[in-house]
Amino acid sequence: MDSAITANGIGAPTVDAAEARARISFLNFAIVAVQLGMVLVLLRQFQIESTAFIQLAAVAFAGFAVHAFLPLRLRLPFFTVLSIASVPLTLGLVNGLWLLAIGSSLIGICHLPISFRWRAVVLLAVATLLAAQRATLLPFPWTEAIWPILGSMFMFRLIVYFYDLRHENAPVTAAQSFGYFFMVPNVCFPLFPVVDFQAFRRGHYSVDAHETYQQGIDWIVRGVIHLILYRYIYYYVTLAPSEVTNPAQFMQYVVSNFLLYLRVSGLFHLVVGMLYLFGFHLPETHNRYLLASSFTDFWRRINIYWKDFMQKIFYFPMVFALKRLGTTRAITIATLVVFLLTWALHSYQWFWLRGVVLFAWQDILFWGVLGGLVVANSLYELKFGRRRALGKPVWTWRSGAMTIAKTYAMFWIICVLWSLWTSESLNDWIALWSALSGPYTAEALLFPGLALAVIVLGSIPKQKVETAKTPQAAHRAWLLDRAVAVAWLAGLIVVSVEGVHTKVGTEIATMVHSLRSGHLSRLDNAKLERGYYEGLLSVDRFNSQLWEVYSKKPSNWLEVENAGLKRFVGGFAQAELVPSFVSMTKYGTITINRWGGRDKDYAETRPPDTLRAVVLGPSIVMGWGVGDGETFEALLEDRLNKEPLSPRFKHVELLNFGVPGYQPPQQLVAFDKATAFQPNELFYIAAGREMHRSADYMAEVVRKRLPIPYPALQAIVDKSGVRADMDETAALKSLEPYKAEILKVVYDSLVEQSLKRGIRPVWIFMPQVRAGIWQEETAPTLKIAQDAGFAIIDLEDVYRDRDLETIRLAEWDDHPNALGHRLIADRLYQAFAANPDLIFGNRANAK
Amino acid sequence: MSDAVSEKIKDYLMREFLPGENPDELTTTTPLITGGILDSIAALKLVIFLEEEYGVAFEAHEVNRENLDTIARIVQLLIAKKPAVAQ
């Protein structure tokens, strides 16, 4: 592979030389094609990213097979057509056409036959109009689904494109322009590297085709490895700040938070690897960023495209503009401005992807501190220089040890800085440090040891193609790189085969099984769940798959939340449904009766010969996302009246007292209200993680200094030591050890009050429509309910053998849809039919 | 003449950024930016050297991989800016 070391040719290539570079022999093509087939299997086996991406990858690989044999002059147009076709193919025809139309208009403006200054003015005007639409200040005729993709295609690349048009003399073809903006596989990824237009144009078949394709496969494989590692960290290693109570967990927290970045580096490798298959020999997107040995080194290794973008558009122009102040001053000012702009542009990016402006102090702090450190490091390098090497660096024990020590220190500094950036609040981050005063066990050495091992192994110099001194050495290095990539490819495919990993043992099999699909981690599941209860939107601020789930959520999703469904009433419960409220939603009408329940307008006094049950619970009971009459409560009531199970009662009335966002302690207030309706039965619907949600709510009550009218709960609060001036994480840490006790008080109180009034208390467990964290507390919760004296109906398997996606309201909303409510109603009816005494018996349960 | 320019640039690069390295390993096609020898600060220092040495003026958009990645490309740029350099 001589071409590997002569890749950087001089001057413009001749047509013949370019044609020769772009050719690939049938044998080499067959080798590449086999590897691509394996890549496709790997993508499928591990369900990399999304079904849409896997389909697009299959189309792109098929396209590659055609593309590789086209005359060179037709290859870029072919890539462009494939890229344009990928848009409606992935987004649907209408959305796709809208996106293409808006994008084409933006490209067209860049080429208007007017001066650059006026083109810039027109572009800014159109961008302002689009921004107003993105912020929903102005209406738009397309759906929200296209915004993140449109944003990812144009928010930065349009700046680069316009800049290059201004400064480049070479004419730009339509294929280059459209291929650059709509490039495969951008339509699948809201997070996309800022590919440079000049690099995109000049890199096209600038290096031997076979070498380029192989490099592409290497990067795709490397990307997939990053993504699988990311999944492992995301599913198994990440911790919530409130779980960090000792030094070992502190190390785990900061390391895992930083390593979540593997998602970005994985995606970027995958994306650029695919572009290599179409001849684009682009720079690498990341360069072993865990091995950065200084702040400037870190900035140069991580997200290289971003660094290049900032350098090109802001840094160099600013340094040149300020040159009269002296090089040192110019570099200092320009570097600081670059970091300030990096922060601002993250907010700008967030706006286009999510439609809201992001402003978080931890972002400003992170970029401010990192910018200051990079400036200090740059000034040091300006004065003293830094060591560079031609070829393979000479390795001595002394130099090796120094590099490893610097890299290790840098790794931890970056981990700590990263934890500041990703924390939900400054207080949260500060509270983390108290964990270092906890007990130091051997476990505290695990992550420092692992990090050291990775850095030592990574620091051992190896022969690289670019630095090889002879063609033979370069060829050997090239072959080794290929062999390693193919070995990973084959190894991962083998491991992913069920028949293989299930033989290794249950734990490994479970782990591999979970790594084979992309789903929310237990922490993000908890955040998603918390999002329902507390309406938190900040949970998706940073670096998590939840971010992507939320990015698909329309801003007016079930707009009733903002349209007055609930009102603040103060006291322990804080809020209630607004009586006589009516709203039309996409899923049907929501009607709240005069008593503040989503139900028919029952009389306050129970009619004779009627069995009346009050149903308490959160949004699933209220019927979030289904119309009136479609809630399981309404369906069950209807069926119990049409198909009676007991001659003792002529009528059955189920009174819906479900309130979205209500936590177990709030049900005490709801129960007090419900008893005025003289029920015979209490159906308490438990919706998962009852203990944690109880502790979480009590922490909120204390922080908001709300009255606690229940002495037993007040006593727990007192002994936990939680205080109103504590931040959220510290308050949760104080109350978490008492979560079972809090729930026990709630359940005991409900049962005791029920029995006093002759009400039969029935506890019904309702699973969420997503596998995950809600399952963690099911067994102890059920035990607490049993011990309290509830009759138990466990519906944990109500969705068994069903495709959860057909039951879930939406990807970002785990509530059951109308089908889910029907399933619940049917199961409850069956449970009552199997044991009619459960609700129609003569007397209430005794403890 | 362009050989003399190449030599001068090579001398500068060796002296400023690669002290102690073997000069034979730095050829006119050795990748400088992609090879990690020229970072943004080094590129700026090199540009200032070229401006002072050859009396040419660089613009911000010219400080890029395309123009500065090899000694050969640097020489090409210099010649394009000031043809007299080649004579």
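D801(A) is exposed, with 5 other C-beta atoms within 10 Å. (Here, a residue is buried if 20 or more other C-beta atoms lie within 10 Å of its own, exposed if 12 or fewer, and partly exposed in between, with C-beta atoms placed from the backbone.) The phi angle of D801(A) is near 65 degrees, a positive value in a residue other than glycine. D801(A) sits in the loop between β9 (791-794) and β10 (808-810) of chain A; helices (H or I, at least four residues) and strands (E, at least two) are DSSP runs, numbered from the N terminus.

Before going on, a word on the ground rules. This is a predicted model, in which local features need pLDDT of at least 70 and side-chain atom pairs count only at pLDDT 80 or more, while totals for chains, interfaces and linings use all residues. Residues are numbered from 1 along each chain as its sequence is written, and chains are lettered from A and ligands numbered from 1 in the order in which they are written.

As for confidence, pLDDT is the predictor's own score for each residue, from 0 to 100. Chain A has a mean pLDDT of 89, with 92% of its residues at 70 or more. Over residues 1-12 of chain A the pLDDT stays under 50, and the model has 26 contacts beyond four places in sequence for them. (Two residues are in contact if their C-beta atoms, placed from the backbone, lie within 7 Å.) Residues 533-540 of chain A also have pLDDT below 50, and this stretch has 14 contacts in the model beyond near neighbours in sequence.

Now for chain A as a whole. Chain A has 35 helices and 11 strands. Its radius of gyration is 31 Å, close to the 29 Å that the globule rule gives for 847 residues, so chain A is as compact as a globular protein of that length. (The radius of gyration is taken over C-alpha atoms, and the globule rule is 2.2 Å times the number of residues to the power 0.38.) The C-alpha trace of chain A spans about 95 × 60 × 60 Å along its principal axes. Of the 847 residues in chain A, 44% are buried. Among contacts in chain A with a separation of 6 or more, 76% are between residues 24 or more positions apart.

A few spots in the loops of chain A are worth a look. R705(A), in the loop between α29 (690-703) and α30 (711-720), has phi near 55 degrees, again a positive value in a residue other than glycine. R705(A) is exposed, with 8 other C-beta atoms within 10 Å. L565(A), in the loop between α25 (545-551) and β1 (566-570) of chain A, is buried, with 22 other C-beta atoms within 10 Å. The C-alpha atoms of L565(A) and E576(A) are 8.5 Å apart, while the two residues are 11 apart along the chain.

Helix α12 (residues 247-259) packs against helix α20 (residues 446-459) at an angle of about 40 degrees, with the axes 8 Å apart. (Axes are lines fitted to C-alpha atoms, for helices over the stretch in contact, and angles run from 0 to 180 degrees between N-to-C directions.) That angle makes α12(A) oblique to α20(A); angles under 35 degrees count as roughly parallel, over 145 as roughly antiparallel, 65 to 115 as roughly perpendicular and the rest as oblique. On the α12(A) side the contact is made by A248(A), M251(A), Q252(A) and V255(A), and on the α20(A) side by L446(A), F447(A), P448(A) and A451(A). By class, this contact has 7 nonpolar residues, 1 polar and no charged ones. (Ala, Val, Leu, Ile, Met, Phe, Trp, Tyr, Cys and Pro count as nonpolar, Asp, Glu, Lys and Arg as charged, and the others, Gly among them, as polar.)

That leaves chain B. Chain B has 4 helices and 0 strands. Buried residues make up 36% of its 87 residues. In contact with chain A are 29 residues of chain B, which meet 27 residues of chain A.
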